[in-house]
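User: I would like to learn how to read contacts between side chains in a protein model. Could you guide me through charged pairs and aromatic rings?

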Amino acid sequence: MKQNKYDEPGFFTTYSRLARSVEGLNAAGEWHAFRELLPSLREKKVLDLGCGFGWHCRYAREQQARSVVGVDLSEKMLARARETTTDPAIEYLRLPIEDIDFAPEEFEVVISSLAIHYVKRFDLLCQRVYHCLAPGGAFVFSVEHPVFTALAEQNWHYGPGGERLHWPVDNYQQEGIRHTTFLDHEVVKYHRTFSSYMNDLLAAGFHLTKVAEPGPPEEMLDIPGMRDELRRPLFLLIAASKQAS
């Protein structure tokens, strides 16, 4: 069984209290940039990898997607998604995202929000996504930025008065597992360099469409601590496409 922190009661309770968990996409600091990378979803078959509470699935249907499949390993996350979804065109499946095995060319858009940095083999996932994506389809995803994931501590360097001096980066070229802390719980993540993300996509056959390293939108900068997010990248967003035949 793959890592499944979200089904641990304490972790799930804490995660459920986050602003993005309560208020949805508009409370997610990277959503403004992620939305801009998406193609038109109208009449498209969409796959959401690591769908969580189903926010992106429901957004896709709001944009008139034909159907949506959301995949997640956490039964607690999927239970919440099902509770808040009444749309029969959305289906939720319990499955590790790296184990997807859909039919060839089954989907026209594949998305993933802040889930792939939990996956050990991104190269294999790229191959599986490419397999189930129709020609002309899009793969759009977000991950924690490699500058953020390089050190397991994932924290600022503080001065004697508790002030945030800088964000330390070390061991950047040493890709692989990171035992880090998220919401006061130990979590396993995987660090990859920026170039590895690009090259694994290219090796699978994808064409890169756009890359973004967004800071928070202007309207969020008054939230305590949010302005510091302009000092280093927290998110990496990538849009890629499968060329039409």
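Analyst: The discussion below turns to salt bridges, then to aromatic rings, in this predicted model.

User: What is the general idea behind a salt bridge, and how many salt bridges does the count come to here?

Analyst: Side chains of opposite charge can pair when their charged atoms come close. In this model the count comes to 11 salt bridges. One of them joins Asp7 and Arg94, whose closest N and O atoms are 3.3 Å apart. This pair links distant parts of the chain, with Asp7 in the segment before helix H1 and Arg94 in strand E3, 87 residues apart.

User: Which residue forms a salt bridge with Asp87, and which parts does the pair tie together?

Analyst: The partner of Asp87 is Arg61, with 2.6 Å between the closest N and O atoms. Asp87 lies in the loop between helix H5 and E3, whereas Arg61 belongs to helix H4, so the pair ties together parts that are 26 residues apart in sequence. Arg61 is partly exposed, at a relative accessible area of 28%.

User: Are Glu229 and Arg232 buried or exposed?

Analyst: A residue counts as buried when its relative accessible area is under 20%. Glu229 has 17% relative accessibility, so Glu229 is buried. Arg232 is also buried, with a value of 8%. These two residues form a salt bridge in which the closest N and O atoms are 2.4 Å apart. Elsewhere, salt bridges link Arg164, Asp228 and Arg231 in a network.

User: How should I read the aromatic pairs, and why is the pair of Phe102 and Phe107 edge-to-face?

Analyst: The structure holds 17 aromatic pairs. Planes over 60 degrees apart count as edge-to-face. The planes of Phe102 and Phe107 stand at 90°, with ring centres 5.0 Å apart, so this pair is edge-to-face. Phe102 is buried at 15% relative accessible area, and Phe107 is buried at 2%. A stacked pair is formed by Phe148 and Trp167, with 15° between the planes and 5.0 Å centre to centre. Phe148 in helix H7 and Trp167 in the loop between strands E7 and E8 are 19 residues apart.

User: Which residues do ring pairs link into a cluster?

Analyst: The cluster consists of Tyr6, Phe11, Phe12, Tyr15, Phe53, Tyr118 and Phe182.

User: Where do charged ends sit over rings?

Analyst: The charged end of Lys76 sits over the ring of Phe12, 5.8 Å from its centre. The charged end of Arg232 sits over the ring of Trp167, 4.3 Å from the ring centre.

Methods
Residues numbered from 1 in each chain as written. Predicted model: local features only at pLDDT ≥ 70, side-chain atom pairs only at ≥ 80, totals over all residues. Heavy atoms only, no water. Salt bridge = Lys/Arg side-chain N within 4 Å of Asp/Glu carboxyl O. Helix = DSSP H or I, 4+ residues; strand = E, 2+ residues; numbered from the N terminus. Buried < 20%, exposed > 50% of the residue type's maximum accessible area, 1.4 Å probe, protein only. Phe/Tyr/Trp six-rings, centres within 6.5 Å; stacked < 30°, edge-to-face > 60°. Lys NZ or Arg CZ within 6 Å of the ring centre and 35° of its normal.
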